[in-house]
Amino acid sequence: MSLGKLPLHVKLVDVGPRDGLQNEKSPVPAAVKIELVHRLQDAGLTEIEVTSFVSPKWVPQMADNAEVMAGIGRKPGVRYSVLTPNMQGLAAALALPQGFWPHEIVVFGAASEAFSQRNINCSIAESMERFRPVVAAAREKGIYVRGAISCTVGCPYEGDIAPERVELVARLMKDIGVQHVGVADTIGVGTPLKVQRAMDAALRHYDLGDVSGHFHDTYGQALANTLACLEMGVWQFDTSVAGLGGCPYAKGATGNVATEDVVYLLHGMGIDTGIDLDKLIDAGQFISDFLGRKSNSRAALALLNQRTN
Ligand code: HMG
Ligand code: MG
């Protein structure tokens, strides 16, 4: 079996506190979100997507964004990111004292017009005009800017999405100064070759070091899709502890691929992540216990089972 140009080290961004919890119907207290972030950084995660500065009417679960950002005991070497869809979101993130600012902001667009309308209430073209000043203002302050491209293989409203749509959005993001793009399979319908084509489309405008994969696991394909991108040399992925999550505007879509499962895969292949899988499993158990659910991570369940035997 040829495994192409596999990376030696992979960087994982745990999006559990944001993507994972944004869809929870019952309020999760800020203290629990903060504790989750602390446990993730103690487990060796160096990139954590903490919250989003979006409308609390649209996503009530993220209404405590400022409280969460201000409550984190920051660990040196860890980078904290937040979603900011417009100038109002960026202003709110920067209204905190500078020590609580995010290292990175995320503007989030889509390769599907219908999803763009449902998720952020504007067209793709309008979204770029909203993002342009956000990107400029963040970069001016030395804050790194990532762009998320949703629905890069399939959309809950439009069905299949052609790679050309991904290429277009990647080009538009590049034009407005977005430094890194995340290729997202929002509803988890992708399979390896489709995801590789979407990634390839983003790579027409971004270097290998400036792209990441963000795969929801609705159809159980996210690990396969991760491996397919690893084979392309992609070394950055968003994952969610305990496989938490879903998007309020993508009905039925489940969480991101579980961080524990990706760490198990990578370590099993001799690829370094800097993450302590045991501590990560404890972090996943903490939030799963709080939510009163079993973890969505198969690796975590298997290893927890071994602990009790
Ligand atoms: P809008 O209604 O078009 O905005 O929403 P507006 O400028 O017309 O303002 C309307 C109201 O929203 C006003 O309040 C504003 O103050 C308020 P009102 O006067 O009615 O009381 N508002 C805000 N409040 C707080 N923070 C803000 C903000 N902006 C406006 N930043 C907006 C546009 C984008 C804000 C809205 O559509 C929204 O919040 N959408 C939420 C989208 C979201 O969070 N989706 C989930 C995250 S994306 C995702 O999960 C996908 C990803 O994981 C990748 C993948 O898997 O695909 C990233
Ligand atoms: Mg997502």
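S150 is buried, with a relative accessible area of 10%. That value comes from a predicted model. The residue belongs to strand β5, which covers residues 144-150. The points below cover its contacts, a metal site and the aromatic rings.

**Surroundings of S150**
- Apart from its neighbours within four places in sequence, S150 is in contact with G109, A110, A111, F115, A184 and T186.
- S150 counts as buried because its relative accessible area is 10%, and the cut-off for buried is under 20%.

**Magnesium site**
- The magnesium ion (ligand 2) is coordinated by D19 through OD and by H214 and H216 through NE2, at 2.1 to 2.3 Å.
- Along the chain, the donors of this ion follow the spacing D-x194-H-x1-H.
- D19 is in helix α1 (residues 16-20), while H216 is in the loop between β9 and α9 (222-231).
- D19 and H216 are 197 residues apart, and the pair links distant parts of the chain.
- Both D19 and H216 are buried.

**Aromatic pairs**
- The whole structure contains 2 aromatic pairs.
- One of them is formed by F215 and F237, with 6.5 Å centre to centre and 55 degrees between the planes, and it is tilted.
- F215 lies in strand β9 (residues 211-215) and F237 in strand β10 (residues 236-239), so the pair ties together parts that are 22 residues apart in sequence.
- F215 and F237 are both buried.

**Charges over rings**
- R118 lies over the face of Y157, 4.1 Å from the ring centre.
- K174 has its charged end over the ring of Y206, at 4.5 Å from the centre of that ring.

Technical notes
Residues numbered from 1 in each chain as written. Chains lettered and ligands numbered in written order. Predicted model: local features only at pLDDT ≥ 70, side-chain atom pairs only at ≥ 80, totals over all residues. Heavy atoms only, no water. Helix = DSSP H or I, 4+ residues; strand = E, 2+ residues; numbered from the N terminus. Buried < 20%, exposed > 50% of the residue type's maximum accessible area, 1.4 Å probe, protein only. Contact = heavy atoms within 4.5 Å. Phe/Tyr/Trp six-rings, centres within 6.5 Å; stacked < 30°, edge-to-face > 60°. Lys NZ or Arg CZ within 6 Å of the ring centre and 35° of its normal. Donors = N, O, S within 2.8 Å, 3.2 Å for Na, K, Ca; no water.
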